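Student: I have a new model open and would like to go through it. Can we start with the helices and work outward?

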Amino acid sequence: MKRIAKPLFFLVSCLSIHTLYAQNLNEFNKAPLKQDVYVQLPLGSIKAKGWLLKQLEQQRDGATGMAEELYAAKDDLGKNTDWLGGEGNSWERVPYYVKGLVALAYTLDDAKLKAKAQKYIEWTLNSQQPNGLFGPVKMKDWWPRMPMMYALQSYYEATNDKRVIPFLSKYFKYQLANLDAEPLKEWAKSRAGDNMEIAIWVYNKTGDQDLLKLVEKLKQQAYPWIDIYTNNEFYFYGDDFQPKHMVNVAQALKFPVVYAQLHDSPANTDAFVKGIAHIMHDHGQPEGLGSGTEFLAGTSSIEGVETCTVVEWMQSLETAAKIIHEANIGDKLEKVAFNALPAQFSRDFKNHSYYTLPNQVQSVHGEHGFNQDYGSGIISSPYSGYGCCRYNMHMGWPYYVKNSVVATPDKGLAVVTYGPMEVETFVNGNQKIKITESTNYPFEEQINLKVNLASPATFPLVLRIPTWALKPAVKLNGKALTGVKAGEMLKIQRQWQNNDQLELNFPMEIGSEQQVNNALSITRGPIVYALEIKAANKITKTHPVAGFTDYEIRPESPWNYGLSLKKGNLNSNFKVVKSDMTDNPFIAATSPVKLKVQAKKIPSWGLSYYKMAAFDVPFSPVLSTEADEEVTLVPYGSENIRLSCFPVIGTPKKTTKSLTENFDQGMPGNWVFYGGGWFWRDGQINAASNAGSGGFGINGSKYVANGTDFKDFTYQADVKINTVGDAGLMFRVSNPAIGPDAYQGYYVGLDQPNGNVIFGKANGQKWELLKAEKYPVEMNKMYNLKVVAKADKFDIFVNGAARPVLSVTDSEYQSGSIGLRTYKALASFDSVKINAF
């Protein structure tokens, strides 16, 4: 951390902190916990301004403020919900909603929202039984109480209600006494990190050593997340979907760093870093998090991310930033907040999409083949997909605001993320301070901080300098500081004066990141850019609550473009077009920053077989004879249909001579899976269990090397079938998609149930068996399967036999990619080798 003891610029305005108790709420970690941990300021200390305030106001006037009317059933937020003493079975839904509602109500200081929240808070506080248990009496589950504890934490920070700490203390004693008899299971076992975080928060207020025992017990009963993140073990649990459920993965991302406060070892903090690296390598998407529909779903541009994943990933990063003081955590948080979060919602925050896709060229009803599929899963609706997200989504923006500036143990402040806002708190003991952050960031590069102090105060101010800012500059009272470096937390220790000023400048260059199939995503600072597509909304349902509808979105302009990029400096290919800042910059038509770039249409790239989604982005470079056109890119979060994984126009460069892949280093970066799940373990690639899935794509899961193009060849691999079904090799493949037969090409497989070697082909929607020959296939035994392809003749060999098991003649597919495939089976693969003739 860079230390600079120089003056700083802040502009003065009047202080309006309502109560002096706030500083007492900033209790830092007590021994034996890790000491250099930041803490969040009391809720309400940070007020949003400008465009950020607009997002909160839209929540108030949209889905958050109207949630009780929208979801009025007794099992939802109705008056007869069990979280108000009624007969319903709301389970997690009320706690999810109240968690976000309390944060929004007190961030906006909105009386109506506070009243909405208060009835749930009062009922919850009054529901505690003599033994300490709280909540609906019939609810025998640890999990839903966890988000309600976050709601109580926020409520206490905002009000200092003296009932909260004794209430939580009593509940934690109940937990400690009863967890052995009723251990964590299912969702609670996955999400124990939430429970641990609140227990540590209460420990820092009471010093009760039993709370540390509780944290240890919760850690012991939870899934072994530290090992899972460290060793990429999400898919190691067979039919148990919890560790591969992406919302759980995002939510538990905080688990290692929360526990690191009790055991400050490199293994714990490293697990957080390694976990993100594994997720992004195997499942990463342009908007800064991993895919999950609902299981971890690979890198394909037509896989999606769930709204719950977005807000839980953000909260995990917000927690981590307080414990691990690294600038890149704030970078990651801003990327998700400024791209993935607004993309999940309609522009007015009345609707959400359960899933959003990096290349989502239309949003219509129907099945995609996702592991968890919903006919309404990608449409814009207050009821899109499954019910969890419509309750959990409300914490996204309020939690971003309340965690942007945090208190440091040395009586100062740290700025973790940026945006227009105002902070009122205490520094250097009980000295009041007000800092006004004036900026249109991330749409502009300049940030001005202004301070108001009644008297001089000595304290440190820590500023995150983004990693992407190549030439960041900081001025203190108009004088440029030296030693300001990208990717550092800049610590300025000095005596601050009233009217000190700080000016930050983070120049934003055009950047690119490699995505699936060698495609590129385009960035400028923390913003990811997507093709501006003219869209038509068609209302498909009108709801009883006025102003709320479901609608499908279809494109009215071409979307199948590849970028025509000249060699050299990437910036020279783009024109940055700036316009006046609007109150809501997440509207594509009036976006304050757009990019212009040359592109060509790719006529062969269109909608996939079921006409629900585009085909995956074609492997780059892509040949196109179309004319260059100037296209416009807009912020990722400003549209509900988008193209953000761009192919690059050029001469194709696929592997055509030979390929050897022994899977010694994990998942190869240039293979893509379609449907189901694939993972690496012990030097082999494995098709994952998808027990509990509802998508048609799970029956025929494919793992394809799209960057290959082979015509005549010898292709072999080791194949082991682990459950009933068949598995084998794909070749001369093109246009793979999600679905058992959603590809064009050939497949040869070991059919274990019927004792056959089978050979067939798919045309995108239909499988045709060309030939089958008897061959005894044992389960859990490795077989070497080999294809010799010459023109229209194919010979299939097993385990090095001199004679082919079967021979087939067919001329439909001349060349294409290679891959691996399973059909209703778990299987393992190794030692892929192909040589062209």
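This is a predicted model: local features need pLDDT of at least 70, side-chain atom pairs count only at pLDDT 80 or more; totals for chains, interfaces and linings use all residues.

Tutor: Start at α7, whose buried residues are Val-164, Ile-165, Phe-167, Leu-168, Ser-169, Tyr-171, Phe-172, Tyr-174 and Gln-175.

Student: What do the buried residues of α7 pack against?

Tutor: They pack against α5 (111-126), α6 (145-159), α9 and α10.

Student: And how many residues does α7 have?

Tutor: α7 has 15 residues, and from its first C-alpha to its last it reaches 21 Å, close to the 21 Å expected at 1.5 Å a residue.

Student: Take Leu-168. Which residues is it in contact with, leaving aside neighbours within four places in sequence?

Tutor: Leu-168 is in contact with Met-149, Leu-152, Ile-198, Trp-201 and Val-202. In the largest nonpolar core, which has 223 residues, Leu-168, Phe-172, Trp-397, Leu-463 and Leu-633 touch the most other members.

Student: Which helix gives the most to this core?

Tutor: Helix α4 (residues 93-108), with 11 residues. There is also a second, separate core of 43 residues, which includes Ile-685, Tyr-715, Leu-729 and Val-748.

Student: Back to α10. Which of its residues are buried?

Tutor: Leu-211, Leu-212, Leu-214, Val-215, Lys-217, Leu-218 and Gln-221. They pack against α7 (164-178), α8 (186-190), α9 (192-206) and α13 (255-260).

Student: What span should α10 have?

Tutor: The 12 residues of α10 (residues 210-221) should span 16 Å at 1.5 Å a residue, and the end C-alpha atoms are 16 Å apart, which agrees.

Student: Now α16. Where does it bend?

Tutor: At Ala-337, by about 30 degrees. The end C-alpha atoms of α16 (residues 327-343) are 24 Å apart, in agreement with the 24 Å its 17 residues should span at 1.5 Å a residue.

Student: How many residues of α16 are buried?

Tutor: 15 of the 17, so α16 is largely enclosed by the rest of the structure.

Student: What about positive phi in a residue other than glycine?

Tutor: Most residues other than glycine have a negative phi. Asn-160 has phi near 60 degrees, and Asn-517 has phi near 55 degrees. Asn-160 is found in the loop between α6 and α7, while Asn-517 is in the loop between β17 (510-514) and β18 (520-524).

Student: Is Asn-160 buried or exposed? And Asn-517, buried or exposed?

Tutor: Asn-160 is buried, with a relative accessible area of 13%. Asn-517 is buried too, at 7%.

Student: And Ala-454, buried or exposed?

Tutor: Exposed, because its relative accessible area is 74% and the cut-off for exposed is over 50%. Ala-454 is in the loop between β11 (446-453) and β12 (457-464). Between Ala-454 and Lys-833 there are 73 Å in space, C-alpha to C-alpha, and the two are 379 residues apart in sequence.

Student: What does UniProt put on residues 413-508?

Tutor: The unreviewed entry carries the annotation "domain: Non-reducing end beta-L-arabinofuranosidase-like GH127 middle" there. Over residues 413-508 the chain is 0% helix and 56% strand.

Note on methods:
Residues are numbered from 1 along each chain as its sequence is written. Side-chain values use heavy atoms; hydrogens and water are left out. UniProt positions are given in the numbering used here, feature names are shortened, and annotations may be inferred rather than shown by experiment. Helices (H or I, at least four residues) and strands (E, at least two) are DSSP runs, numbered from the N terminus. A nonpolar core is a set of buried Ala, Val, Leu, Ile, Met, Phe, Trp, Tyr and Cys residues joined through side-chain atoms within 4.5 Å. Buried means under 20% relative accessible area, exposed over 50%, partly exposed in between (1.4 Å probe, protein chains only). Contact means heavy atoms within 4.5 Å. The expected span of a helix is 1.5 Å times one less than its number of residues. The bend at a residue is the angle between axes fitted to the seven residues ending there and the seven starting there.
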